[in-house]
Amino acid sequence: MSQLPIIHAPAYDAGFAPGHRFPMGKYTRLMELILQSGLASIMELHAPAPASAEWLTLAHARAYVDQVLACDVPALVEREIGFPVDQRVSMRARLAAAGTVMAARLALSGGIACNTAGGSHHARRAQGAGFCTFNDVAVAAHLLLADGEVDRVLVIDLDVHQGDGTAEICAGTKAIRTVSMHAEKNYPVRKQASSIDVGLPDGVRDDAYLETLDWLLPRTLEGFSPDLVFYNAGVDPHGEDRLGRLSLTDRGLKDRDRRVFSFFRDRGIPIASVLGGGYSHDIDAVARRHLITFEAASEFV
Ligand SMILES: [Zn+2]
């Protein structure tokens with residue numbers, strides 16, 4: 001039986017106090033849930049080493065990379081990120097970026113791989129924002145292109161918020177196509193242009209969402225044949241998410257993830273998933289929503 005590569009580091013969790021607006025404990029809880037589930041017997045666990053400054057500067061300004069590595073980020077930027085960048089936050093951002101690189105490489109060799117962090121899609125070239133320090137997907141895409149491991153990369157971002165940072169960093173790189181389907185009225189107020197954007201109205205439910213996804217998936221490959229897909233599987237489109245504006249159920253999220261994995265796996269295109277957003281004061285509830293993505297992925301190993 002094939003195994004599902006899962007990338008995880010205990011230090012993905014920077015140990016915020018319970019009740020923080022950013023549910024940091026979900027990374028630890030998700031791994032506990034994975035280990036308690038049927039996934040434990042089919043997963044192949046990998047741990048990343050922190051990304052180097054050289055990797056990070058492929059997607060970010062050198063000055064910002066240096067600030068994060070030195071834990072010397074200006075207060076105004078920290079406010080835009082949503083938390084102070086201390087040693088643990090700095091380390092987790094480097095680990096998450098390297099974890100997405102690792103997921104990409106494992107997907108290239110085995111077809112599919114899942115990072116238990118990443119999807120920090122609001123981080124722009126010049127700085128972080130919206131709970132995102134480094135844009136792991138943009139770093140990984142640029143690194144694999146620079147190394148000649150891939151010629152073309154597709155990013156499909158189904159987190160409920162627009163992938164503005166990814167769109168900004170990757171704009172002008174013809175080898176990367178960015179696709180974002182999100183709640184139009186949600187953060188960020190000022191959207192960036194992805195290659196394809198689908199802005200959904202508030203309150204969209206499973207059926208309408210999945211119908212739109214079925215329309216969107218074939219379009220992601222029109223005139224573009226990627227060697228690798230990054231999938232931001234944020235679970236914040238869920239109806240009970242604290243920051244989402246859509247109304248998906250657990251069932252809807254699972255159908256979404258299955259459709260994405262099966263669409264690309266059926267076409268022989270390697271796919272690496274990253275965690276993305278998911279917000280609740282109930283850490284267990286949000287971690288269980290993220291678990292859905294891993295269970296869906298396990299059907300396509
Ligand atoms: Zn989000």
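**Strand pairing and helix packing in the predicted model**

In β8, V229 has I271 as its bridge partner. Strand β8 spans residues 271-274 and pairs with β7 in the parallel sense over four bridges. Strands count as paired if DSSP finds at least two bridges between them. Helices (H or I, at least four residues) and strands (E, at least two) are DSSP runs, numbered from the N terminus. The model is predicted: local features need pLDDT of at least 70, side-chain atom pairs count only at pLDDT 80 or more, and totals for chains, interfaces and linings use all residues. Residue numbers start from 1 along each chain as its sequence is written.

Strand β7 (residues 228-232) also pairs with β4 (residues 153-157), in the parallel sense and over five bridges. Here V153 stands opposite L228. Strand β7 is mostly covered, with five of its five residues buried. A residue is buried if 20 or more other C-beta atoms lie within 10 Å of its own, exposed if 12 or fewer, and partly exposed in between; C-beta atoms are placed from the backbone. L228, F230 and N232 point one way from β7, and V229 and Y231 point the other way.

β7, α9 and β8 form a right-handed β-α-β unit. Right-handed means that, with the strands pointing away from the viewer, the path from the first strand over the helix to the second runs clockwise. A further crossover of this hand runs from β1 through α1 (residues 26-36) to β2. Strands β1 (residues 4-7) and β2 (residues 43-46) pair in the parallel sense over four bridges. I7 stands opposite H46 in β2.

Helices α8 (residues 206-219) and α9 (residues 250-266) pack at an angle of about 10°, with their axes 10 Å apart. Axes are lines fitted to C-alpha atoms, for helices over the stretch in contact, and angles run from 0 to 180 degrees between N-to-C directions. The two helices are therefore roughly parallel (angles under 35 degrees). Residues of α8 in the contact include Y209, L210, L213 and L217; those of α9 include R256, R259 and F263. Contact requires C-beta atoms, placed from the backbone, within 7 Å.

In helix α3 (residues 62-69), Y64, V65, Q67 and V68 are buried. These buried residues fall within an arc of 160° seen down the axis, so they line one face of the helix. The arc is that of the directions from the helix axis to the C-beta atoms. The buried residues pack against α2 (53-56) and α5 (87-110). R62 and A63 are exposed, on the face turned away from the buried side of α3. Just after α3, C71 takes a positive phi of about 55°.

Key: Contact = placed C-beta atoms within 7 Å. Parallel < 35°, antiparallel > 145°, perpendicular 65-115°, else oblique.
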